Amino acid sequence: MGETMRLNHVVLRAASAVLFILLATMPGSAQSGAPKNGEWPTYGGDLANTRYSPLDQINASNFNKLQVAWRFSTSNLGPRVETSIESTPLMVKGVLYSTGGTRRAVVAIDAATGEQLWMHSEREGARGVNAPHQLSGRGLAYWTDGQDGKPGKEERILYVTLGYQMVALDARTGTPVSGFGKNGIVDLKLDDDQTMDLDTADIGLNSTPIVAGNIVVVGALHSNGNIPKTGKTNVKGFVRAFDIKTGKRLWIFHTLPQKGEFGYDTWLGDSASYTGNTGVWGQISVDEALGLVYLPVELPTSDFYGGHRPGNGLFGETLVALDLKTGVRKWHYQLVHHGIWDMDIPCAPILTDITINGQLIKAVAQPTKQAFLYVFNRETGVPIWPIEERPVPKGDVPGEWYSPTQPFPTKPPAYDRQGVSIDDLIDFTPELRAAAVDIVSKYKLGPAFTPPVVSKAEGPLATLALGPPNGGTNWPGGSYDPETHILYVFSQTEVAPFGLLPPSGPNPPDIAYVQGNAGGGGGRGGRGGGGGGRGGITVDGMPLVKPPYGRISAIDMNQGEILWQIAHGETPDVVRNNPALKGLTIPRTGRVGMIGTLVTKTLLIAGESGFFTTPTGERGAMLRAYDKATGKDAGAILMPAPQTGSPMTYTLNGRQYLVLGIGGAGSPAELVAYRLP
């Protein structure tokens, strides 16, 4: 509760900053890409991934009056029902486009009524079944040969299938474009500077391709690196660009440097030759004016043990800027050296134009799982505020290689808790705090970058961390207001135990250690412990740490300071109705989840993750609006299911719509559109 009170104090401080925000407003953002004509033409709203719209028909005075305009179920878009649609739909010329369903179909929908106009899907057989990540993915891309908002002769939709094929469709009909690749398809497992099995290779993509001009750029994703199926080797996650009209490969960037290339010497013992992964599974951003594309690169093969890949390992967990037309590296900055925490870089870099000491600076801001916002001059890669290499704890896992330092931004401050200390533990009552202290006595605690340990029955069972792999900010990323220069980001405070064990089973991977399941916990009444795996550690069914469990932070990008923070998400039923808290008043705690935000002319909008039960017995999740200047509640409506895909907005026929993906256990995934009566 102490943390919640601190957040409330920050909100009060924010009220005095409202005038400053208004004064800081600059005319027109240089990276500008507020959607034109009330449309939403790309995943992040624009190529800068700001997730911003200047629309204001829906505002604080009427948000509570929003009604369902239409609902589009994805239940029949695949052989089984999907419950979590992560797509952010696009809306162009009155048509809404999205992926959906367990076969990752593409649908075109009448944006006013929700009527399906056309549908396309690929039946890929074993290739699709063996894909490293299933379900509908996060959406698609749109291209037209029209200029400056004028209609062109051609309109195309591009998406990546489960089996890692890029398909170009006629946006009007859903028919594959015959002149693109082979019958409308580019096989992304070919022409990749490596050889792989077309049916079984561990590579795919959940994020969307990004289109800039006549170029489409595509990243790569692999299986969860918790226990690598292939051991220390895997497919490499190279990034490529293709001609939007023909599908011809234009360039390739080796995220794992090949011999003789820059960065190869950061891999000791020739480990770059056999190591894989290091893909770009988060969204990519583009500055067309500068001609640069920004890649958020993940870590190499094996998330929690890297003894087989000694060295800092470029371009693992590195923000890389490339020339859009040639793929030549312009600058890079490694955010994590020799990653062993599954920090990745999970989301889109946000291009921001900020004012510091009266000077307009083109910047790029990268949210992360470690809840640091790394901010750079996006032309040069020079940090806007100093980033210090600080000593970090060294581990004792046999055979592991440790970096002695890690980069720490000096501004902005971390926007969520990092590491785990006794002060982070649940403190609703002294008895609960004592129980939590007893549980963590079997674990290793420490600050950010405390390394994993080999799990031992006598202890430590694991290293406890706040942040990665599921905490901090994940794939939804953040949003940015180009008028006020405020960046908004959701983060979750969730404990993860990092405990390593030798691999076991009939076909163990050729790696010394994998993330294990150390067991542990104990205590009365369901108090228990998780262990080395990704399971939660609870105290009487409640999270081990004190709230907030989910929060939204508003960061003043001109000052590098947190303007306000709020707990986002209704208090979970397991806390609200817990017998151990009978008689206590618990403020809104927020809740964990993968939550994306939307910022408009006056509001910050975000739905909640996970179901809760209202006092009247209704089950659902809230869609909330906040005053974007202060973080104060500005409205809320009950949705039939939790948010699973980030919200977007558009206007059509003089009316503003708000659309997002929802779903959950017992609730098939769907797109739901809201508008005023």
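Reader: Which residues lie nearest the centre of the second largest pocket?

Author: In this predicted model, the second largest pocket has a volume of about 760 Å³. Its lining comprises 35 residues. Those nearest the centre are His133, Arg138, Asn474, Trp475 and Met594.

Reader: Is glycine 137 buried or exposed?

Author: Glycine 137 belongs to the loop that runs between α3 (126-129) and β6 (141-144). A residue counts as buried under 20% relative accessible area. Because glycine 137 has a relative accessibility of 6%, it is classed as buried.

Reader: With which residues is glycine 137 in contact, leaving aside its neighbours within four places in sequence?

Author: The C-alpha atom of leucine 563, 426 residues apart from glycine 137 along the chain, is separated from that of the glycine by 33 Å. Contact requires heavy atoms within 4.5 Å. Once the sequence neighbours are set aside, the contacts of glycine 137 are Glu86, Ser87, Thr99, Arg104 and Asn206.

Reader: Which residues of the largest nonpolar core touch the most other members?

Author: In soluble globular proteins, nonpolar side chains tend to be buried together. The largest nonpolar core here has 55 residues. Those touching the most other members are Phe63, Trp70, Leu623, Tyr650, Leu658 and Tyr674. Another core, of 35 residues, lies apart from it and includes Tyr374, Phe376, Ala496 and Leu500.

Reader: Why is strand β39 largely enclosed by the rest of the structure?

Author: Strand β39 covers residues 655-664, ten in number. The strand is largely enclosed because the number of its residues that are buried is nine.

Reader: What is the bridge partner of threonine 649 in β39?

Author: Strand β38 (residues 648-652) pairs with β39 in the antiparallel sense over five bridges. The two strands form a hairpin with two residues between them, and asparagine 653 in the turn has a positive phi of about 55°. Across this pairing, the partner of threonine 649 is leucine 658.

Note on methods
Residues numbered from 1 in each chain as written. Predicted model: local features only at pLDDT ≥ 70, side-chain atom pairs only at ≥ 80, totals over all residues. Heavy atoms only, no water. 1 Å grid on protein atoms, 1.4 Å probe; cavity = no way out; pocket = protein on both sides within 12 Å on 5 of 7 lines; lining within 4 Å. Points joined across faces, edges and corners; volume = space filled by probe spheres on them. Helix = DSSP H or I, 4+ residues; strand = E, 2+ residues; numbered from the N terminus. Buried < 20%, exposed > 50% of the residue type's maximum accessible area, 1.4 Å probe, protein only. Core = buried A, V, L, I, M, F, W, Y, C linked by side-chain atoms within 4.5 Å. Pairing = 2+ DSSP bridges.
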